[in-house]
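Hello,

Here is the structure I promised to hand over. My notes on the sheet and its packing follow below.

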Amino acid sequence: MSLLPTLSTMTTSIAETILQGAHMLRLNGVPEARREAGSLLAHVLDRDRSFILSHAEDAIEEKQSEIFQGYLQRRAAGEPVQYITGHQEFFGLDFEVNRNVLIPRPETELLIETVLKLFASADEAPLICDVGTGSGCIAITLVHELPQSRAVALDMSPEALAVAERNAARHSVDDRIKFLVSDCFEALSAPDAQQSRFDLIVSNPPYVEQGAMAGLQREVRDFEPHTALVAGDDGLAVIRRLLSDAGSFLKTSGFLLFEIGFNQAAAVEQLIDRATWKPLGIHADLQGIPRTVALEKLS
């Protein structure tokens with residue numbers, strides 16, 4: 001049961017509204033309550049955080065207070081701020097997000113950084129495949145950063161692809177990305193699709209163990225799409241498919257990069273067929289957790 005009290009409808013300042021909101025969120029177990037209250041109010045006011053800080057004594061309207069109250073109730077129930085505001089920044093770009101897609105996370109930016117090191121030459125024009133594109137953050141960011149590149153973005157959820165298509169248009173790369181409904185590579189099995197081989201396949205696949213779902217933060221467990229999180233009893237079901245199938249769609253000396261869970265590095269290393277793949281490393285994120293697997297196709 002929510003402990004959330006009702007905000008006063010009296011006119012209050014920005015600073016007082018944030019203070020009240022943070023108190024409400026704290027009562028409901030929301031971490032970093034003041035920051036989150038500030039983010040929600042900034043969204044209500046359609047202003048950035050610097051405006052909130054520099055206009056702390058400005059009064060807010062009653063209607064704005066009512067909207068803020070509704071957002072607080074949603075956040076107190078566990079809904080992530082990103083789904084409430086509909087936005088998340090990733091690699092310096094703003095992405096639309098909703099409950100049909102995972103919220104892009106900072107650790108996935110490591111995958112982008114690793115790819116950009118592999119394709120450092122300005123005249124390179126890789127053909128990229130993003131498996132399980134979700135919001136499109138990986139494919140869109142790579143095409144944005146590599147101006148000569150093109151991409152095919154796959155996802156089994158039509159609703160997720162709709163979000164990704166809007167994000168591609170938002171960043172003016174929709175003419176260089178093709179979106180296909182596909183369970184892993186299934187949509188690429190038609191003969192005409194076989195004519196092209198990719199230079200790069202990337203993925204942030206589901207990698208949560210089925211039994212671990214109950215222990216996840218409520219923001220993840222209760223709100224993010226389970227099909228984009230869970231991959232069988234050991235969390236490796238989709239990673240196995242990537243390792244077994246990706247080689248058929250890659251050029252020789254093409255690259256496969258994918259994200260893994262915090263405790264999966266050793267198990268994934270055992271799954272890599274050294275006759276097909278040359279390991280380039282498992283790169284650690286800023287917390288020192290092995291996060292991004294990079295492989296090169298041998299033949």
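**Sheet and packing**

Helix α10 (residues 237-245) lies across β3, β6, β7, β8 and β9, running at about 170° to β7. Angles run from 0 to 180 degrees between N-to-C directions, with axes fitted to C-alpha atoms, for helices over the stretch in contact. Helices (H or I, at least four residues) and strands (E, at least two) are DSSP runs, numbered from the N terminus.

This is a predicted model: local features need pLDDT of at least 70, side-chain atom pairs count only at pLDDT 80 or more, and totals for chains, interfaces and linings use all residues. Residues are numbered from 1 along each chain as its sequence is written, and side-chain values use heavy atoms, with hydrogens and water left out.

The sheet is open and has seven strands, in the order β5-β4-β3-β6-β7-β9-β8, with mixed pairing. Two strands pair if DSSP finds at least two bridges between them. β5 and β8 stand at the edges with a single partner strand each, so one side of each has no neighbour in the sheet. On average, neighbouring strands are turned by 15° against each other, direction ignored.

β3 (residues 127-131) and β4 pair in the parallel sense over five bridges. Ile-128 stands opposite Ala-151 there. β4 and β5 (residues 177-181) are also parallel, over five bridges. Leu-154 has Leu-180 as its bridge partner in β5. The chain crosses from β4 to β5 through helix α8 (residues 158-170), and this β-α-β crossover is right-handed (clockwise from the first strand over the helix to the second, with the strands pointing away from the viewer). β4 (residues 150-155) is mostly covered, with five of its six residues buried (under 20% relative accessible area, 1.4 Å probe, protein chains only).

Now the core. A nonpolar core is a set of buried Ala, Val, Leu, Ile, Met, Phe, Trp, Tyr and Cys residues joined through side-chain atoms within 4.5 Å. The largest one has 29 residues, and Phe-198 and Phe-258 are among those with the most contacts inside it. α10 gives the most to this core, with four residues.

Which residues of α10 are buried? They are Val-238, Ile-239, Leu-242 and Leu-243. Seen down the helix axis, they fall within an arc of 140°, so they line one face of α10. The arc is that of the directions from the axis to the C-beta atoms. These residues pack against β3, β6, β7, α11, β8 and β9 (contact means heavy atoms within 4.5 Å).

Best wishes

How values were computed:
Buried < 20%, exposed > 50% of the residue type's maximum accessible area, 1.4 Å probe, protein only.
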